[in-house]
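Dear colleague,

I am passing on the structure below, together with some notes on what turned up in it. Please look through the model first and then read on.

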Amino acid sequence: MAPAPDPAPGPAFGTVRREHVMRELRTHGTVAVATLAAQLGVSAMTVRRDVNALAAKGLLVRVHGGAALPEPSAGVAPALAPEPAARGSRLTIGLVVPQLDYYFPRVVAGARAAAARAGVRLVIRTTAYDPDEDRQQCRRLAESGVDGLVVTPTLDGPHVGELLGWLDRLGTPVLLADRRPPEISPFRHLEWVVSDHASGAATAVWHLHAQGHRRIGLLSIAGTTTSRALGRGWRDALRALGIDPAEQVVGHSDGFDRPGRAERLASTLAEIRRTGTTALLLHSDPFALTFAQYCQDQGVRVPDDLAIVAYDDEVAELGDPPLTAVRPPTYDVGRLAVETMVGRLTEGDRRPTHRLLLDPTLTVRASSVRPRR
């Protein structure tokens, strides 16, 4: 006996279904009709009707077997936006990222959405912030026959130039996602799409300065590509405002999540009090939340006594008070990385090398703005 069709759902139930579709899209970048139907306990036809209704409002775009997020309103230059691949053979792009539990899920979501729109197959491998493993995973993907590689390599340690040179000569086109070589480099074939973390740090400093702060410290994760860029932007912004960076608190935040962290938190707060620091840029969200919580437990009011701006904006809004945060455009890094690679693969040598720099955004919340009396 054929299964009975779904009963006509009421408006409220339809709204619930469509909210679920949009949540899944925001999390994963793309969704499959069959997966949504199983999650919601309805037929694929019902899900397709919901997808069509959302597409009519411009909230998503339909792709084969499912849906993807639409292009951001700011868009991308037409030359960078690939048309859906209909060239006989389907392109395959390898994606190598260091982790999938924080920060990079949104990069992957953007890459998945762009791949779905372009009709491209995406194959992912992970590493562990290890240059040797970066090379190993890239080699395996290249040997498997992928058409291009989007890679987030580890650019720390003495062998950075060697790794980048190897990627530049690999033979398979390579694009760096959220990474780039030093400002002047001999690598002629590498492309990249990166968040301008230095600009993000400067934006935070300018915001805190506008709130009246002149002692603005920086706590960041030690020895990372992002922390070096944050330090550069923080210093440049302070100097532009006539403030000496050497007189500010600078330290590391990555001890805030380890056993014995109370001693580290206490010594950091003591240094802040000793120097009269009234504002902090703190990388990343989990450490910013931990430090804000510790400050309040010690009677330091946020933002009255100490203003805090987090960097990443993954969970900053969940703080008490919610933390002002700088958000790198991680989703767009993944999206544009795939779109740029598709353009390189389809346009060939007539296309110039693309190197894109994306600006982070600042979301102001209660942790950096003193309430009006």
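**The surroundings of Val 150**

Apart from its neighbours within four places in sequence, Val 150 is in contact with Ile 93, Gly 94, Leu 95, Val 96, Leu 175, Ala 177, Ala 337 and Met 341, where contact means heavy atoms within 4.5 Å. This is a predicted model, in which local features need pLDDT of at least 70 and side-chain atom pairs count only at pLDDT 80 or more, while totals for chains, interfaces and linings use all residues. Residues are numbered from 1 along each chain as its sequence is written, and side-chain values use heavy atoms, with hydrogens and water left out.

A nonpolar core is here a set of buried Ala, Val, Leu, Ile, Met, Phe, Trp, Tyr and Cys residues joined through side-chain atoms within 4.5 Å, and buried means under 20% relative accessible area, with exposed over 50% and partly exposed in between (1.4 Å probe, protein chains only). Helices (H or I, at least four residues) and strands (E, at least two) are DSSP runs, numbered from the N terminus.

**The chain as a whole**

The protein chain holds 11 helices and 15 strands, and 49% of its 373 residues count as buried. Its radius of gyration, taken over C-alpha atoms, is 23 Å, which agrees with the value near 21 Å that a compact globule of 373 residues would have; the globule rule is 2.2 Å times the number of residues to the power 0.38. Along the principal axes, the C-alpha atoms fill a box of roughly 75 × 60 × 40 Å. Among contacts between residues at least 6 apart in sequence, 73% join residues at least 24 apart.

**Local features to look at**

Two cis peptide bonds deserve a look. One joins His 283 and Ser 284, with omega about 5 degrees, and Ser 284 lies in the loop between strand S11 (279-283) and helix H10 (285-297). Another joins Asp 320 and Pro 321, also with omega about 5 degrees, and Pro 321 is placed in the loop between strand S12 (307-311) and strand S13 (324-327).

Positive phi values also occur in residues other than glycine. Tyr 103, in the loop between S4 and H4, has a phi of about 70 degrees, and Tyr 103 is buried, with a relative accessible area of 9%. Asp 178, in the loop between S7 and strand S8 (191-195), has a phi near 60 degrees; this residue is likewise buried, with a relative accessible area of 6%.

Finally, which residues does Ser 227 contact, leaving aside its neighbours within four places in sequence? Ser 227, which is found in helix H8 (residues 225-240), is in contact with Ser 220, Ile 221 and Ala 222, and Ser 227 is buried, with a relative accessible area of 9%.
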